[in-house]
Amino acid sequence: MKKQLFKTLLTFVILLCTSVSFAQDYSFKNYEWSSETKVDVPKNYENEKEVILNRTVKIELVVDKNTSGQYRLIHEKKYINSDDAIERNNKIYIPFGDQANILVTRARVILKNGKVITLDKKDIKEEVDQEKGVKYNFFAVNGLEKGAVIEKLYVFEELPNLKGNTIKMQDEYPIVEYNFALIAPEHLIFKTKSYNGLSEPVLDDKTLEHKKVLSIVEKDIPALKDDEAYSNWDVKLKLFRYKLDANLITGAKNLNNFKEYATNTYELVNPILDKKQEKALASFCGSIPQSKDVQEQIWNIENKIKKTIIYDQYIDSKASLSEVISSKQANSPDIVKLYIAVFKYFKIEHNLVFTSSRYKIPFDKDFESHENLSEFLFYFPAIKKYITPTEIEYRLPLFPNFLGNNNGLFIKEKVFAGVSMGIGEINFIEIPGTEITHDYMDITVDFTKDIENPLVSSKMTYGGYSGMNFQPLKDFVSAEQYKTMLKSISENYTLQNEYKTLSTENDGTEFIGKKPYIMNLTFDGKEMIQKAGNNYLFSVGQTIGRQMEFYQENKRMLPIEIDYPHYYTRKIKILLPEGATIKNLDKFVMDFKTDLNGKTEAAFTSNYKQNKNEVVIENTEFYNIINYPLSSFDQYKAVINAAADFNKIVVIVTQ
């Protein structure tokens, strides 16, 4: 095991550099854009609002003795043919990362008449995103007009990306031609994979001496708009993935594999503790409430660590576990070590799980890329649930939903001949279902005191991920800010009116994962009443709050993907005065379903009952699964819009 680890490290000493500056020759060092400035747009693209005429990306790995580096070229020509496109492109942002030097930064605008506007350093401006704390550099483009072409050229010097990289070869706008090339020394072997209909790469080991080129030329790539609700655009694009797989000089094979990653990671996060660390750990664990219930014990551990240890991925690692506990600070490796040590102290079986965001690069179990190992969770086989160790607002069984409905690398502890080691296994990460995220609304509308101004009483219960939208707030804002937030939430149900009473239950992180969030609200319903002669028009559907309407003007291109399963149960009780009548109740009879494989996976159903002066309306709405095929789009849209249609229902009350 140690020999294999050393062999792996040796391989990367040969490949990786420790500095971004390496000043090597590379094949596109003298790359220039064409002196030809005639705007040539293919006829079938002339009426498009915006077209990428050509995008060329070259990535070259260079190795010299014990250093290596990477050069990356981006050259793009974009046709601008609408006012919207002009507005979108009047700033040309310069893509620049922390671990890269930019060697070439050029941009120009070629007008329809052939005139060229060259942008230089004086045209580079800076803006700051105050919310994110990020600075952006961009070319300020003047004189842009319809029919013009924006051309930009960048070359970067950066650290090599060998453990896994993805190139997106499709965009929101059509691409006439995309040229991609991965250039590397001939002794390096790469594993690649193309997705969503992208062509496979072509190998050329003749043109460049002692180098090989993997290239893809893709033409007439259709636009894939990123404007469809309930979708996952990033993973439906044409994608190309690659990683270093072998080194013919060292003889190393199957590099960057999950088995090796699991072994090495286990050793890193399971250090042998000395007596000082054991004493500090025992003292720390002694302050954690104990429970015979495994789930409650894990919840207590998570709550203790998140409330006492500040997580910051950018701080330096501590020398020992005792320093993590005493300093009350931890980066990613340190926080994982602490959790594992505490779980072992309480004898709780656990797996460390590595995965990725399903909205960026979903975990491909057949392509072992370290891109898939950017996020981590803990899994507990005894209760089949997860925690996130770094997100302080979450508690068992809730974790960031974008990490679920995805595969993950589960690192399990196994003992062989008395030696503990980590074994990696690919499993699916389930998101907590509708048994957790189930919302209830219990509403009473009382007309008996005043038919023109009924009293509305609502008890709203938000479970699971719905409760997460509200429960943590109390612990992270002032009492006055929390009061303001509650008022804003209530206005969704009161039609901007002032409430009469408002109270909450189970707010704060101590209830997350244990109890649902509850809001009790009473308010005057006069804003929901309109008088029409002897009749009163009551917008009863508005009592459930505003609902999203789902419209799709163009043909749907992407399948449905939602954040998490969700269930709603709503009950509205209308109390009428003696002698009053109510009409239009038949509008509450609704039944919309999405069936897959003989099973209803999404639905909105509604009905009513009347007993003299009391009317009870009940509806349920649920989405049991996360992914729905494109063929089910119309059914799914009907379910979503049913709630919005319910929201518009008006009944007629006559005294």
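Student: What counts as a salt bridge?

Tutor: A salt bridge is a side-chain nitrogen of Lys or Arg within 4 Å of a carboxyl oxygen of Asp or Glu. Side chains of opposite charge can pair when their charged atoms come close. Now the case here, in a predicted model. Glutamate 371 forms a salt bridge with arginine 241. Their closest N and O atoms are 3.6 Å apart.

Student: Where in the chain do glutamate 371 and arginine 241 sit?

Tutor: The pair links distant parts of the chain, 130 residues apart. Glutamate 371 is in the loop between strand 17 (351-355) and strand 18 (375-380). Arginine 241 belongs to strand 14 (residues 239-247).

Student: Is arginine 241 buried or exposed?

Tutor: Arginine 241 is buried, because its relative accessible area is 3%.

Student: How many salt bridges are found in the whole structure?

Tutor: The search finds 31. Take aspartate 507 and lysine 474 as another example. Their closest N and O atoms are 3.8 Å apart.

Student: How do I read the accessibility of aspartate 507 and lysine 474?

Tutor: Take each residue in turn. Aspartate 507 has a relative accessible area of 10%, so it is buried. Lysine 474 has 42%, so it counts as partly exposed.

Student: Which residue forms a salt bridge with aspartate 123?

Tutor: Lysine 122 does. The closest N and O atoms of that pair are 3.7 Å apart. Aspartate 123 is buried, at 13% relative accessible area. Lysine 122 is exposed, at 60%.

Student: Which residues are linked in a network of salt bridges?

Tutor: Arg55, Glu76, Lys152 and Asp171 are linked in this way.

Student: Let us turn to rings. What describes a pair of aromatic rings?

Tutor: Two values do: the distance of the centres and the angle of the planes. The structure holds 33 aromatic pairs. One of them joins tyrosine 93 and tyrosine 136, and it is edge-to-face. The centres are 6.1 Å apart, and the planes make an angle of 80°. The pair links distant parts of the chain, 43 residues apart. Tyrosine 93 is in strand 3 (residues 91-93), and tyrosine 136 is in strand 7.

Student: Why do tyrosine 93 and tyrosine 136 count as partly exposed?

Tutor: Look at the percentages. Tyrosine 93 is partly exposed because its relative accessible area is 38%. Tyrosine 136 falls in that class because its value is 31%.

Student: Why is the pair of tyrosine 623 and tyrosine 636 called tilted?

Tutor: Their planes are at 55°, so the pair is tilted. An angle under 30 degrees would count as stacked, and one over 60 as edge-to-face. The ring centres lie 5.7 Å apart. Tyrosine 623 is in strand 33 (residues 614-623), and tyrosine 636 is in helix 11 (residues 633-647). They are 13 residues apart.

Student: Are tyrosine 623 and tyrosine 636 buried or exposed?

Tutor: Tyrosine 623 is buried, with a relative accessible area of 5%. Tyrosine 636 is buried as well, at 1%. Both belong to one aromatic cluster, together with Tyr230, Phe550, Tyr628 and Phe633.

Student: Where does lysine 91 lie relative to phenylalanine 138?

Tutor: Lysine 91 lies over the face of the ring, 4.9 Å from its centre. Lysine 514 is placed over the face of tryptophan 299, at 3.9 Å from the ring centre.

Student: Which residues form a nonpolar patch on the surface?

Tutor: Tyr93, Val134 and Tyr136 form it, with about 230 Å² of accessible area together. Valine 134 is in strand 7 (residues 134-140). Valine 134 counts as partly exposed because its relative accessibility is 31%.

Student: Now the whole chain. How many helices and strands does it have?

Tutor: The chain has eleven helices and 35 strands. Its C-alpha atoms fill a box of roughly 95 × 80 × 50 Å along the principal axes. Of its 655 residues, 50% are buried. The chain exposes about 32700 Å², and carbon and sulfur atoms supply 48% of that area.

Key: Residues numbered from 1 in each chain as written. Predicted model: local features only at pLDDT ≥ 70, side-chain atom pairs only at ≥ 80, totals over all residues. Heavy atoms only, no water. Patch = residues over 30% accessible without salt bridge, like charges linked within 9 Å, V, L, I, M, F, W, Y side chains within 5 Å. Areas by Shrake-Rupley, 256 points an atom, 1.4 Å probe, with all protein chains shown as cover. Helix = DSSP H or I, 4+ residues; strand = E, 2+ residues; numbered from the N terminus. Buried < 20%, exposed > 50% of the residue type's maximum accessible area, 1.4 Å probe, protein only. Phe/Tyr/Trp six-rings, centres within 6.5 Å; stacked < 30°, edge-to-face > 60°. Lys NZ or Arg CZ within 6 Å of the ring centre and 35° of its normal.
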